[in-house]
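The exercises below are to be worked with the sequence and the structure at hand. Each task is followed by a solution in steps.

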Amino acid sequence: MTKENYLLWEAYMLSCMEDSAHDKEHIYRVLYMALDIARTEQNVNRDVLVCACLLHDIGRKEQFENPAVCHAQAGADKAYVFLKEHHYEEEFAKQVRACIRSHRFRKDNFPQSIEAKILFDADKIDVCGTLGIARTLLYKGQMAQPLYSVSEDGAVLDGAEDGRESFFREYKYKLEGIYDSFYTERGREIAGQRRAAAVNFYQSLFREVCTIHEEGPEFLRELMDGKAECPHNGPGAGKPEMKNF
């Protein structure tokens with residue numbers, strides 16, 4: 001791979017990146033992780049791998065504007081057209097397109113080539129551990145989605161049975177089980193090292209909000225019933241303190 005090729009692919013990627021949770025730093029992390037994984041695999045076409053890593057999220061804008069659009073498919077098509085316009089060989093453009101098309105979690109179109117599997121793993125590692133938690137929270141905020149939902153009886157939903165999009169739901173349906181979905185041994189190893197931190201974060205957050213929602217309503221009922229305890233019961237209680245300034 002020449003520096004000229006790299007700079008061309010990078011410039012196109014930079015012109016397409018607008019999503020805060022899928023920004024250029026995400027792209028570089030995926031690229032660097034992919035190069036790490038590639039060192040442990042055989043017969044990897046690093047030109048295809050690097051190009052696919054740089055361009056794998058260029059379809060995010062189309063999906064953001066129209067949620068019905070799959071960013072993997074849109075990005076794959078955009079990458080193919082871009083490469084052909086710059087006179088890359090058909091086979092190279094097709095291999096890059098296939099990698100990008102299969103990098104997203106779906107029930108069909110699984111990655112086939114070693115380059116596609118490495119890209120898939122590198123991209124998924126970036127949603128593991130505390131980094132994955134932070135990126136998910138950033139994305140949920142961008143989409144105006146809540147941290148969690150509360151049932152009609154006031155109980156905090158852990159996400160497993162939550163019909164509304166939320167961080168807890170995303171954790172239960174995606175982040176929690178992602179560690180069993182890797183294709184490469186190195187990918188599984190890196191993801192495994194990050195797992196405990198993500199589990200601890202979710203469990204701590206769940207305990208904290210549950211405590212608030214369990215105790216808070218009782219405090220409110222006591223206040224409305226006139227039973228709330230005040231540390232300053234006695235003469236002058238409830239009156240604002242006058243201070244000289």
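**Exercise 1. Identify which residues of helix 8 meet which residues of helix 10, and describe the packing of the two helices.**

Solution. Step 1: from helix 8, Gly 129, Thr 130, Leu 131, Ile 133 and Leu 137 meet Arg 194, Ala 197, Ala 198 and Phe 201 of helix 10, where contact means heavy atoms within 4.5 Å. By class, this contact comprises six nonpolar, two polar and one charged residues; Ala, Val, Leu, Ile, Met, Phe, Trp, Tyr, Cys and Pro count as nonpolar, Asp, Glu, Lys and Arg as charged, and the others, Gly among them, as polar.

Before going on, note that the model is predicted: local features need pLDDT of at least 70 and side-chain atom pairs count only at pLDDT 80 or more, while totals for chains, interfaces and linings use all residues. Residues are numbered from 1 along each chain as its sequence is written, and side-chain values use heavy atoms, with hydrogens and water left out. Helices (H or I, at least four residues) are DSSP runs numbered from the N terminus, as are strands (E, at least two).

Step 2: two packed helices are described by the angle between their axes and the distance between the axes. Helix 8 (residues 129-142) and helix 10 (residues 185-224) pack at about 45 degrees, and their axes lie 6 Å apart. Axes are lines fitted to C-alpha atoms, for helices over the stretch in contact, and angles run from 0 to 180 degrees between N-to-C directions.

Step 3: angles under 35 degrees count as roughly parallel, over 145 as roughly antiparallel, 65 to 115 as roughly perpendicular and the rest as oblique. Helix 8 and helix 10 are therefore oblique to each other.

**Exercise 2. Determine how Phe 167 and Phe 201 are arranged as an aromatic pair.**

Solution. Step 1: rings of Phe, Tyr and Trp (its six-membered ring) pair if their centres lie within 6.5 Å; planes under 30 degrees apart count as stacked, over 60 as edge-to-face and the rest as tilted. The count by this rule is 13 aromatic pairs.

Step 2: for Phe 167 and Phe 201, the centres are 6.4 Å apart and the planes stand at 90 degrees, an edge-to-face pair. This pair joins distant parts of the chain, since Phe 167 is in helix 9 and Phe 201 in helix 10, 34 residues apart.

Step 3: consider accessibility, with buried meaning under 20% relative accessible area, exposed over 50% and partly exposed in between (1.4 Å probe, protein chains only). Phe 167 is buried at 0%, whereas Phe 201 is partly exposed at 33%.

Step 4: both rings belong to one aromatic cluster, which also includes Tyr 148, Phe 168, Tyr 171, Tyr 202 and Phe 206.

**Exercise 3. Which residues touch the most other members of the largest nonpolar core, and which elements contribute to this core?**

Solution. Step 1: a nonpolar core is a set of buried Ala, Val, Leu, Ile, Met, Phe, Trp, Tyr and Cys residues joined through side-chain atoms within 4.5 Å. The largest one has 58 residues, and Trp 9, Leu 54, Leu 55, Leu 83, Phe 92 and Val 96 touch the most other members.

Step 2: among the elements giving two or more residues to the core are helix 1 (3-16), helix 3 (46-55), helix 5 (71-85) and helix 6 (90-101).

Step 3: in helix 3, eight of the 10 residues are buried. The buried residues of helix 3 pack against helix 1, helix 2, helix 5, helix 6 and helix 7. Leu 55, one of those buried residues, touches Trp 9, Tyr 12, Met 13, Ala 79, Phe 82 and Ile 100, leaving out residues up to four places away in sequence.

**Exercise 4. State where Asn 43 and His 87 lie, and describe their phi values.**

Solution. Step 1: Asn 43 is in the loop between helix 2 and helix 3, and His 87 is in the loop between helix 5 and helix 6.

Step 2: most residues other than glycine have a negative phi. Asn 43, however, has a positive phi near 55 degrees, and His 87 has a positive phi of about 70 degrees.

Step 3: Asn 43 is exposed at 74% relative accessible area; His 87 is exposed at 73%.
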